[in-house]
2 protein chains.
Amino acid sequence: MRIAVDAMGGDNAPKAIVEGVVMAAKEFNDIEFILYGKEDAIRKYMTDETNIKIVHTDEKIASDDDPVRSVRRKKNASMVLAAQAVKNKEADALFSAGNTGALLTAGLLIIGRIKGIDRPGLMPTLPVVGNDERVFNLMDVGANADTKPENIHQYAILASYYAKFVRGVKKPTVGLLNNGTEENKGNDVTKRAYALLAAEPEIDFIGNVEARELLNGVADVVVTDGFTGNAVLKTIEGTAMSMMKLLKAAIYDNGVKEKIGGALLKNGLMDMKEKLDYSRYGGAVLFGVKAPVVKTHGSTEKESVYFTIKQIHEMLESHVIDDLVTYFETKETPIED
Amino acid sequence: MRIAVDAMGGDNAPKAIVEGVVMAAKEFNDIEFILYGKEDAIRKYMTDETNIKIVHTDEKIASDDDPVRSVRRKKNASMVLAAQAVKNKEADALFSAGNTGALLTAGLLIIGRIKGIDRPGLMPTLPVVGNDERVFNLMDVGANADTKPENIHQYAILASYYAKFVRGVKKPTVGLLNNGTEENKGNDVTKRAYALLAAEPEIDFIGNVEARELLNGVADVVVTDGFTGNAVLKTIEGTAMSMMKLLKAAIYDNGVKEKIGGALLKNGLMDMKEKLDYSRYGGAVLFGVKAPVVKTHGSTEKESVYFTIKQIHEMLESHVIDDLVTYFETKETPIED
């Protein structure tokens, strides 16, 4: 399998990207990497990896570039070239830590949607707090601001396939994010989405779920419109950051006693931070396009790059996208291995 | 001023409600309370307060009753009688810790909307983390699942009035919750709401704000549709609870060292919990109806009842609703005291 890597995307590029790729290249002999970006800057962080190739380009998309315009005009940007490589079947998947909007655009315009999918969505894997064995997928977290019930219906099928074939959950439960658990709750979109999900035999729909229960692992897959999903994901991040800030203040802005307490608790608190860091589950997948297109945080470090490569490896190994292509073309469920 | 209290609403009613009212009755001699509910059960928690009157009724609305049906049919329910008292000018405000949907219904159907307000919204006051002096108002958190740009425009005026005249913020900033800070971001509703807010001279609109920044105090007032606001509020609550769970695990599920650390940190952690407990700012206001209608959490304790009464006292003292009635009738801004 071949992964096209935008080596210039993200705040710590190319260092963090290349170092993460090198980590992954050592572990996964079956991956060939093609790194797009400034060759000399990239080479600095490489040693003698034989499964990493560099395609040099000086151009890149900045984090504040207009997504559509930059993808259209910067034809030699590292991200655009990487997407072109996937389109031209020179690579099987695309990885970037760069401009999210541009990556969505490149995924849609260059790589293209799976036939039958109207709106690919963005899907991260998030932790279930208090249960290290479990995670959940939330879809869509912002690929589409305006969402139809039919889109949410497709997210449910897409994310269920991911949970089943990539994460290995036998019968993933699907919840619809809503403003109450009762069947008749919701806005116009969720009420109509509920009916579609309830009638869908391909998924294990468990009904409406509330945002309060997400991190408790209320479902293996939670579907929502991209506007709400975006707000929920950012609220989780913001609240977690605020809590860490309060915790720091509780330790350092009090007396000596609290400082000692904090020191004794250090390992426990590091564990806590690690449990919340969902980058170890990989990046957010732009799901519904013809190849794995995966995005990590702009502030990514080499470890999260490594974890995201691992995730792409699992996606490619599982053939989840081929299965989805088949399903949406023929509406036939793949036979489980 | 006279406050009609639904003494039977909430998990800890009537005990917590009556005890909270008694606390408030001692402090606020200018308030007369009318408590609706089971007289003998209420009297158990009273002493010799002269400014508390009881109106006996055996009926009440349960937390799982259908909101509209229960308000229509249970004509003698404590909440319904309290709302009727406000409608009949026997009381100036309504307090309840009961069924939220029923309270919204009672507020809308019995007390009624301010002329010119299409959709009253539900508005809590939330803490700014790391700054004890500041709070912010979020509106709407779920009174309306389907929201038009015009509703969000009215929320901005309503919540600005609250921040100014009740909270005493001289020039409250208003942010529109959106999926990015750039002007052109958003879904169809927020894009159109942005235009209305930007053109509104009555408010100090600072543009789009992201959910990640809410608890950092990005604006004094944040407006959003009720579906998103509901999801965001519940995500804040859920994430905070999950973090406290992780923190407990960090202390108790590790070694002796961590347990001692936790003991030393105890006061700091209690502070932390208190800072997040937004009930000290009062309850959520159903704002846009003809009188203060305020709801506290169903699991409320006497302290939050007290704080909510204090909040209602401030609302009545500020004449914010009279000012809003005047503004929406005449579009004339009240002269500041």
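Leaving aside its neighbours within four places in sequence, which residues is A:P14 in contact with? Select A:P14 in your viewer and let's find out.

**Before you click**

This is a predicted model, in which local features need pLDDT of at least 70 and side-chain atom pairs count only at pLDDT 80 or more, while totals for chains, interfaces and linings use all residues. Residues are numbered from 1 along each chain as its sequence is written, chains are lettered from A and ligands numbered from 1 in the order in which they are written, and side-chain values use heavy atoms, with hydrogens and water left out.

**Stop 1: a proline in a loop**

With neighbours up to four places away set aside, A:P14 is in contact with A:A7, A:M8, A:A41, A:I42 and A:Y45; contact means heavy atoms within 4.5 Å. A:P14 is found in the loop between β1 and α1 (15-27) of chain A. Helices (H or I, at least four residues) and strands (E, at least two) are DSSP runs, numbered from the N terminus. With a relative accessibility of 12%, A:P14 counts as buried. Here buried means under 20% relative accessible area, exposed means over 50%, and partly exposed is in between (1.4 Å probe, protein chains only).

Next, switch to chain B and select B:P14, in the loop between β1 (2-6) and α1 (15-27) of chain B. The peptide bond joining B:A13 and B:P14 is cis, with omega about 0°. For another cis bond, go from B:M139 to B:D140, where omega is near 5°. B:D140 lies in the loop between β7 (135-139) and α6 (149-166) of chain B.

**Stop 2: the sheet of chain A**

Show chain A as a cartoon. Seven strands make an open, mixed sheet in the order β3-β2-β1-β4-β12-β11-β5; two strands pair if DSSP finds at least two bridges between them. At the edges stand β3 (52-56) and β5 (121-123), each with a single partner strand, so one side of each is left without a neighbour in the sheet. On average, neighbouring strands are turned by 25° against each other, direction ignored. Axes are lines fitted to C-alpha atoms, for helices over the stretch in contact, and angles run from 0 to 180 degrees between N-to-C directions.

Zoom in on β2 (residues 32-37) of chain A, which runs parallel to β3(A) and is joined to it by five bridges. Select A:F33 there, and you will find its bridge partner in β3(A), A:I52.

Now bring in the helices. Helix α4 (residues 78-87) of chain A packs on the sheet and touches β1 (2-6), β2 and β4 (93-96), with its direction at about 165° to that of β1(A). Helix α11 (residues 302-318) of chain A also packs on the sheet, touching β1, β2, β4, β11 (284-287) and β12 (293-295), and its direction makes about 165° with that of β4(A).

**Stop 3: two loop residues**

Which way does phi go at A:K89, positive or negative? Although A:K89 is not a glycine, its phi is positive, about 65°. A:K89 is found in the loop between α4 and β4 of chain A, and at 66% relative accessibility it counts as exposed. A:H319 is not a glycine either, and has a positive phi of about 55°. Look for A:H319 in the loop between α11 and α12 (320-330) of chain A; with a relative accessible area of 45%, A:H319 is partly exposed.

**Stop 4: a helix in chain B**

Select α5 (residues 100-111) of chain B. Its buried residues are B:A102, B:L103, B:L104, B:T105, B:A106, B:G107, B:I110 and B:I111. Among the elements covering them are α3 (67-73), α4 (78-87) and β4 (93-96) of chain B.

**Stop 5: both copies together**

Finally, show both chains. Chain B is superposed on chain A by a rotation of 180° with 0.0 Å of shift along its axis (RMSD 0.0 Å). The two copies are thus related as by a two-fold rotation axis. Copies are superposed by least squares on the C-alpha atoms of residues with pLDDT of at least 70 in both. Of the residues of chain B, B:G261 comes closest to the rotation axis, at 1.8 Å (C-alpha).
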